[in-house]
Amino acid sequence: MYLDSILLGGKKLKFPTFFPDGTRAVVRSLDSQDLKSAKVEGIIVNTYHLSKLPGDEFLHRIGGVKKFMNWDGFVISDSGGFQIMSLIHKTGKGKVLEEGVLFDDELFTPEKSIEIQFNLNVDVIIVLDYFTDPKASRDEAEVSVKITVEWAKRCKEEYLKQLEKRKILTSERPLLLAVIQGGFYKDLREKCARQLLKVGFDGYGFGGWPVNEKGNFDFELMRFNASLTPDDKVRFALGVGKPENIVEGVKAGYHIFDCVLPTRDARHRRLYVFKKDWRKILEEGRHDFYEYLYPIREEFARYKGPIEKTCDCYTCQNYSLSYLRHLFKIEDTLVYRLASIHNLRFYTRLIEKLRSKF
Ligand SMILES: [Zn+2]
């Protein structure tokens, strides 16, 4: 049975759903009205970055990140762990300890992550986890699972404390999601899921980066990970992804997806369009229901039509492909906005098509 919606703060969030990344309280080059016009229902922000700028205590004082952005949709905050670990990886400054993540002489603990996320006043909070590197040895993966479970327990305790301290009603509480790690070691994922289920969360994420040695997305692992959690709990496919990966994810039982691709591709002159026979979307192994369109191509220089004739987005309703090509040519930043609106609407239309099938 596919869970087709949940109530968040009295508002209904339908599944499946796609949340673009608004890491620093902005989906790059778009404002909240643009997001609404592209039918985006929620965004995901980054706890670590927002705690630095503009600061989570400031955000708490003004009523949270939604108020700050003038956004009345949903917001998920990620734990911030992945960003700090990437920074450690890049700079070599810091390490993961049992107590928390040490970076730049600062200890980022599970408790700290939860407190910041409460300050952001979001709808869904994610526990601090220890990402299993796709190249991790079995020993390393075991350590990441052990720490992930320990941190998840501490996050749950802190979450309950914060609810009490802030006098948040049950009907108003943000959801708390845990993340299943274990890399490509299925028995470790199973162990991780079992222990997290014992602690009890509102939902469970598919952690790690499931791209195998050949560079292919591991659909089988994604399905296996989904099978480890009950159908009445939210399943979050973190960082997924490409349109075909979302389709496979929905088939596997996932509810929430997030990815930088549609907006990043828009800025890099890559647009998404459905093929005429997109209906084969749910046929086994058919991932050719869409294609890329590169507006910079010479053939579009005199083209009067929109990016996609059947698209109802603000950009397609108002501007021609030749105008977009021109803006890319002269490198005017307006094109980032117009191209991002179209790509996001492609993703929200994909979600609508999937909802009608499930
Ligand atoms: Zn469009």
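Reader: How many nonpolar, polar and charged residues are in the lining of the second largest pocket?

Author: It has 10 nonpolar, 1 polar and 7 charged residues. Here Ala, Val, Leu, Ile, Met, Phe, Trp, Tyr, Cys and Pro count as nonpolar, Asp, Glu, Lys and Arg as charged, and the others, Gly among them, as polar. A heads-up: this is a predicted model, where local features need pLDDT of at least 70, side-chain atom pairs count only at pLDDT 80 or more, and totals for chains, interfaces and linings use all residues. Residues are numbered from 1 along each chain as its sequence is written, and side-chain values use heavy atoms, with hydrogens and water left out.

Reader: Which residues lie nearest the centre of that second largest pocket?

Author: F274, K276, E308, K309 and T310 do, out of 18 lining residues. A lining residue has an atom within 4 Å of a pocket point; the points sit on a 1 Å grid over the protein atoms alone, and a pocket is an open set with protein on both sides within 12 Å along at least five of seven lines, whereas in a cavity a 1.4 Å probe fits but cannot get out.

Reader: What makes R138 and E142 a salt bridge?

Author: The term asks for a side-chain nitrogen of Lys or Arg within 4 Å of a carboxyl oxygen of Asp or Glu. R138 and E142 meet at 3.3 Å, N to O, so the pair qualifies. Both lie in helix 7, 4 residues apart, about one turn of the helix. (Helices are DSSP runs of H or I, at least four residues; strands are runs of E, at least two; both are numbered from the N terminus.)

Reader: Why is R138 called partly exposed?

Author: Buried means under 20% relative accessible area, exposed over 50%, and partly exposed in between, with a 1.4 Å probe and protein chains only. R138 comes out at 33%, so it counts as partly exposed. E142, at 34%, is partly exposed too.

Reader: And how do you know whether E248 is buried or exposed?

Author: E248 has a relative accessible area of 5%, so it is buried. Its salt-bridge partner is K251, at 3.4 Å, N to O. K251 is at 30%, so that one counts as partly exposed.

Reader: What makes D265 and R270 a salt bridge?

Author: Their closest N and O atoms are 3.5 Å apart, so they meet the cut-off too. D265, at 7%, is buried, while R270, at 23%, counts as partly exposed. Elsewhere, salt bridges that share partners join E99, E111 and R154 into one network.
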